[in-house]
Amino acid sequence: MTFANIGTLGTLPNKRDEVIAILTRPNHELRDAGCLLYQVGTNDDDPDTVFIAELWESADAHQSSLQLKSVRAAISEAMPLLSGEMGGYRFDVSGSPIGS
């Protein structure tokens, strides 16, 4: 079943763009791991927050991706730039009006 992870990452002041640069580096391993969509965004109302929308073939695919060397390296690089504030939702996708 398709799995969605929609979240926010709080960044230290003025570090948002650095975190975005880390998260948006090309990583072809993600597609092979079952990632269908990985979008990173911002909202001017929350200047120290990064928004992430992920869509995966399954919750297991998402969990397994966290063991990829490239993903672990990105997490390690981003961690010192984060404030510790995190939020979001995880859910199994029931369907879409625009098809698959």
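User: Which residues is Ile20 in contact with, leaving aside its neighbours within four places in sequence?

Analyst: This is a predicted model. In it, Ile20 is in contact with Val40, Thr42 and Val50. Contact means heavy atoms within 4.5 Å, so each of these pairs meets that limit.

User: What makes up the largest nonpolar core?

Analyst: It has 11 residues. Among them are Ile20, Val50, Val19 and Leu81. Helix H1 (16-23), strand E3 (49-56) and helix H4 (69-78) each give two or more residues to this core. The largest share, 4 residues, comes from H1. Apart from this core lies another, of 6 residues, including Phe3, Leu30, Trp56 and Val71.

User: Why is Leu81 called buried?

Analyst: Its relative accessibility is 13%. Buried means under 20%, so Leu81 counts as buried. Leu81 is found in the loop between H4 and strand E4 (82-92).

User: Which residues does Leu81 contact, leaving aside neighbours within four places in sequence?

Analyst: Leu81 is in contact with Thr11, Leu12, Lys15, Glu18, Val19 and Ile22. For Cys35, 46 residues away along the chain, the C-alpha separation from Leu81 is 25 Å.

User: Is Thr11 buried or exposed, and how do you know?

Analyst: Thr11 has 4% relative accessibility. That is under the 20% cut-off, so Thr11 is buried. Thr11 lies in strand E1. Beyond its neighbours within four places in sequence, Thr11 contacts Arg16, Val19, Asp48, Thr49, Val50, Leu81, Leu82 and Ser83.

User: Why is Ile6 called partly exposed?

Analyst: Ile6 has a relative accessible area of 36%. Buried is under 20% and exposed is over 50%. The value for Ile6 lies in between, so Ile6 is partly exposed. Ile6 is found in strand E1 (residues 3-11).

User: Which residues make the nonpolar surface patch with Ile6?

Analyst: Tyr89 and Phe91 make that patch with Ile6. The patch covers about 330 Å². Patch residues need over 30% relative accessible area, so Ile6, at 36%, passes that test.

User: How do you know that Gly34 is buried?

Analyst: Gly34 has 1% relative accessibility. The limit is 20%, so Gly34 counts as buried. Gly34 sits in the loop between helix H2 (29-32) and strand E2 (35-41).

User: What does Gly34 touch, not counting residues up to four places away in sequence?

Analyst: Gly34 touches Leu55, Trp56, Glu57 and Ala61. The C-alpha atoms of Gly34 and Ser64 are separated by 9.3 Å. Those two residues are 30 apart along the chain.

How values were computed. Residues numbered from 1 in each chain as written. Predicted model: local features only at pLDDT ≥ 70, side-chain atom pairs only at ≥ 80, totals over all residues. Heavy atoms only, no water. Buried < 20%, exposed > 50% of the residue type's maximum accessible area, 1.4 Å probe, protein only. Core = buried A, V, L, I, M, F, W, Y, C linked by side-chain atoms within 4.5 Å. Patch = residues over 30% accessible without salt bridge, like charges linked within 9 Å, V, L, I, M, F, W, Y side chains within 5 Å. Areas by Shrake-Rupley, 256 points an atom, 1.4 Å probe, with all protein chains shown as cover. Salt bridge = Lys/Arg side-chain N within 4 Å of Asp/Glu carboxyl O.
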